[in-house]
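Q: Can you walk me through some local features here? I'll ask as I go.

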2 protein chains.
Amino acid sequence: MAKQKKMVEAITSMDVDFSKWYTDVCRKAELMDYASTKGCMIIEPYGYAIWENIQHDLDARFKKVGVQNVYMPLLIPESLLQKEKDHVKGFAPEVAWVTEGGGEKLQERLCIRPTSETLFCEHFQKVIKSWRDLPKIYNQWCSVLRWEKTTRPFLRSSEFLWQEGHTMHETEQEAEEMTLRMLQVYTDFYKDTLAIPAVTGKKTEKEKFAGAVSTYTIEPMMHNGVALQGGTSHYFGKDFAESYEIAFTGRDNKLQTPYQTSWGVSTRMIGAIIMVHGDDNGLVLPPKVAPIQVAIVPIAQHKEGVLDKCREVYSELYETFRVKLDDSDQTPGWKFSQYEMQGVPLRLELGPKDMEQGQCVLVRRDNGEKTVVPLENLTDTVEKMLADVHQNMYEKALKNLEEKTFTATNLEEFLDIAENKPGFIKAMWCGDAACEETLKEKTGGVKSRCIPFVEDHVGDVCVCCGKPAKHMVYWGRQY
Amino acid sequence: MAKQKKMVEAITSMDVDFSKWYTDVCRKAELMDYASTKGCMIIEPYGYAIWENIQHDLDARFKKVGVQNVYMPLLIPESLLQKEKDHVKGFAPEVAWVTEGGGEKLQERLCIRPTSETLFCEHFQKVIKSWRDLPKIYNQWCSVLRWEKTTRPFLRSSEFLWQEGHTMHETEQEAEEMTLRMLQVYTDFYKDTLAIPAVTGKKTEKEKFAGAVSTYTIEPMMHNGVALQGGTSHYFGKDFAESYEIAFTGRDNKLQTPYQTSWGVSTRMIGAIIMVHGDDNGLVLPPKVAPIQVAIVPIAQHKEGVLDKCREVYSELYETFRVKLDDSDQTPGWKFSQYEMQGVPLRLELGPKDMEQGQCVLVRRDNGEKTVVPLENLTDTVEKMLADVHQNMYEKALKNLEEKTFTATNLEEFLDIAENKPGFIKAMWCGDAACEETLKEKTGGVKSRCIPFVEDHVGDVCVCCGKPAKHMVYWGRQY
């Protein structure tokens, strides 16, 4: 067991240094590596397999609501970017510019897309002529680039992978419904696939996307009480469409401007998975996105028949699950900690004694529970247990979110919680951005996360200025 | 039928202007659109759905041979690109440089990846320590950028989508086998999925990839007698590994250098599909990558029961095929030409008379054949017919390739064929790059395509210089 011990010791404990624990998990579970390109990262096979499972699941959800995938250029001419003034103001400081190509200095700078509203608008301007051409419900899976000074694997890097949906609609109502529908798709995905609960709602004016009329957000709570903006859905009204001169002939034969949305989630979700579910032994993966759902570890594998039996079990499970049989010459102990580190939901142990009894041992990653089960109907047993793992992971995460949600009714309470109790703070707000600024300054970084769809009435006056409150807001520190 | 006629007339005939026919198909079948970013294109939903089907099929083939997907940064620091001298010489003239980011001028230029050997090598240098870490069989699906002056949809654009595989091996033999295995994966994919036959073989020294020891290629023949480099697989030996200082401890406990390969195919394949299979009515799609495999067109759809019956048929076929029921208010004639233009392999017509008889009409896109079939066992019938469509498309394409392959035994014949008979020219070659250059100049562009794995002996001397021949080479013009 010496090797096992060594591996586990190699991770910093969450309680000692959460930030170091996080990067340790990223590296030791072989999710990513650093590259010499400043601010960019390499997603290694195990990390990328999680992303592929995310894509596969989410893309199917998109297609069910009529989304069509497309691909837009990587580069945006400066003149195109500048057509929507709020948008360019928000993004210009953080873009990378291509100024030379094919051995020559370019006449016009091209920026690497930080997001692609401008390109989609240019295309929509050409293809939307009549109400019959609407709605357009487009999406692309790609990488985007936003220059970052300080980076952190998956959470903040100059380049990251994401999907960006862009839609155009005939009416305001349809576009607003689309915005909320996609937020719901994300919420369902977080819950049903990632086993992650979250607070959802509307961003304040100060925190909304550059150029949007309104931004909706999903905010899961990390294990350490820091929130993460886990995905956003924006309603644009007609602003972009007007800037990019998009118009269509309506049912009334008059020229009209369409209504627009955009929405996106990124490889940040892998960061959320790590920080919501992980523990001091490493990663804990939700079964639905785990690259390996069941790791079979033979016990005393040199004994006659053990490996054959393990191969038999592998063949049975292979049809239904992502399963790995590890018949390498490492010790079982080494394998145990390896698959713990990599967050494999179920470990299946099978040795000579088990063979005799027609059984095997299933060990859950989420709670360490060991169960001896008959080899008969193993597929059903594993299926049920994986469903239990998912459910338990969700409940644990929900408990953490609830325990880390506090209520403040005055400034003193707010500052005390901000100082001493990491998590969400529910507090009333007058609607003034100045109060958001004040709270951020006084707390050293607590910002409004969102105005939830259902607002608990936790007071009458703004927690900051004491004027009559307009909304209950979730506040918190963020990644 | 006025509308139908109008649509068909809108495409230039192949015989009148093949190049115009090609771009007409790209645009009218709604595969792509132009963007204001010079040299880049937008892949529209119908075109992108073809690419998704290609990816899905090919990625499964990759995974069967043990390929793991990863993601590497978009940007390459200039110093990293320059480590392999031949490589940088080949690519430097056609890259785009990022010189400003986050509002500041960068200290070191970053190029947008034209290909990612350098990044993979940098990573391999860190993760390969022992022979136990080998082989590494990595791949990424991404976009790359190579500055192009003249562009053509799918065939040549500054940015394009592709996959690039990069592998490292313990022995020369294993790496060489990998190179050829991936060429075989491509060849099988072209044949079994795209219904496209091709010539395969080794590139001459002059035509090989910048930095490779040897390059293998798959070269399908377009309808107009012009070849396309449809995919390449490169063997690198130890050159890159040495430049990037990649070394591992071998089984003999000595420090060794690994052997490397890379291989890729791109959205060019969509260009190949168009130009191999298309006709004057538009696109003809191989069933396995067609976004719509069966288009159901109701006849006299206002008549009682017709739409219901069509929906019933749709529900039956939906489980097995990608099927679309078009109940829009366009005329059947309009729909016929629409799905012809989009290359849908099978059209299913169903009207009141068919309902009475318990039948429907299946019309094949590849040969226009109409068959009345019973509604009973329709899934089996459609399955069989789609397999026939694939087979017939392959045979037609093979016939075209064979008919457009000529043999030249002396320079006069070579020049005559190059002038008058578009296609491949089989001719002997001395092995000297100067003769390749001469032939290219004299013909205005005919280049060596490849040295096939099995060389027909079509003469004893080089078709150009008359010296003793070393190889039989396929020659031709290329996209």
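A: A polar contact here is a pair of N or O atoms within 3.5 Å; within protein, one must be able to donate a hydrogen and the other to accept it, and residues adjacent in sequence count only if both atoms are side-chain atoms. The model is predicted, so local features need pLDDT of at least 70 and side-chain atom pairs count only at pLDDT 80 or more, while totals for chains, interfaces and linings use all residues. Residues are numbered from 1 along each chain as its sequence is written, chains are lettered from A and ligands numbered from 1 in the order in which they are written, and side-chain values use heavy atoms, with hydrogens and water left out.

Q: Which side chain does the side chain of A:Glu44 make a polar contact with?
A: That of B:His123, at 3.4 Å.

Q: Where is A:Glu44, and is it buried or exposed?
A: A:Glu44 sits in the loop between strand E2 (41–43) and H3 of chain A; helices (H or I, at least four residues) and strands (E, at least two) are DSSP runs, numbered from the N terminus. A:Glu44 is buried, at 7% relative accessible area. Buried means under 20%, exposed over 50%, and partly exposed in between, with a 1.4 Å probe and protein chains only.

Q: What is A:Glu44 in contact with, leaving aside neighbours within four places in sequence?
A: From chain A, Arg27, Glu30, Leu31, Met32 and Asp33; from chain B, Val70, His123 and Val127. Contact means heavy atoms within 4.5 Å.

Q: On to H3(A) and H9(A). At what angle do the axes cross?
A: Roughly 110 degrees, with the axes of H3 (45–64) and H9 (268–277) coming within 10 Å. Axes are lines fitted to C-alpha atoms, for helices over the stretch in contact, and angles run from 0 to 180 degrees between N-to-C directions. The pair therefore counts as roughly perpendicular; that class is 65 to 115 degrees, with under 35 roughly parallel, over 145 roughly antiparallel and the rest oblique.

Q: Which residues make that contact?
A: A:Gly47, A:Ile50, A:Trp51, A:Ile54 and A:Leu58 of H3(A), against A:Met269, A:Ile270 and A:Ile273 of H9(A).

Q: What about H15(A): which residues are buried?
A: In H15 (433–443) of chain A, they are A:Cys435, A:Glu436, A:Leu439 and A:Thr443. They lie on the same side of H15(A), because they cover an arc of only 105 degrees around the axis, taken from the directions from the helix axis to the C-beta atoms.

Q: What covers them?
A: The cover includes helix H14 (411–420) and strands E21 (424–429), E22 (447–452) and E23 (471–476) of chain A.

Q: And what is at the ends of H15(A)?
A: At the start, a side-chain oxygen of A:Asp432 reaches to within 2.9 Å of the backbone nitrogen of A:Ala434. A:Gly444 follows the helix, with a positive phi near 70 degrees.

Q: What is the phi of A:Ala195?
A: About 60 degrees, positive although A:Ala195 is not a glycine. A:Ala195 is buried, with a relative accessible area of 0%.
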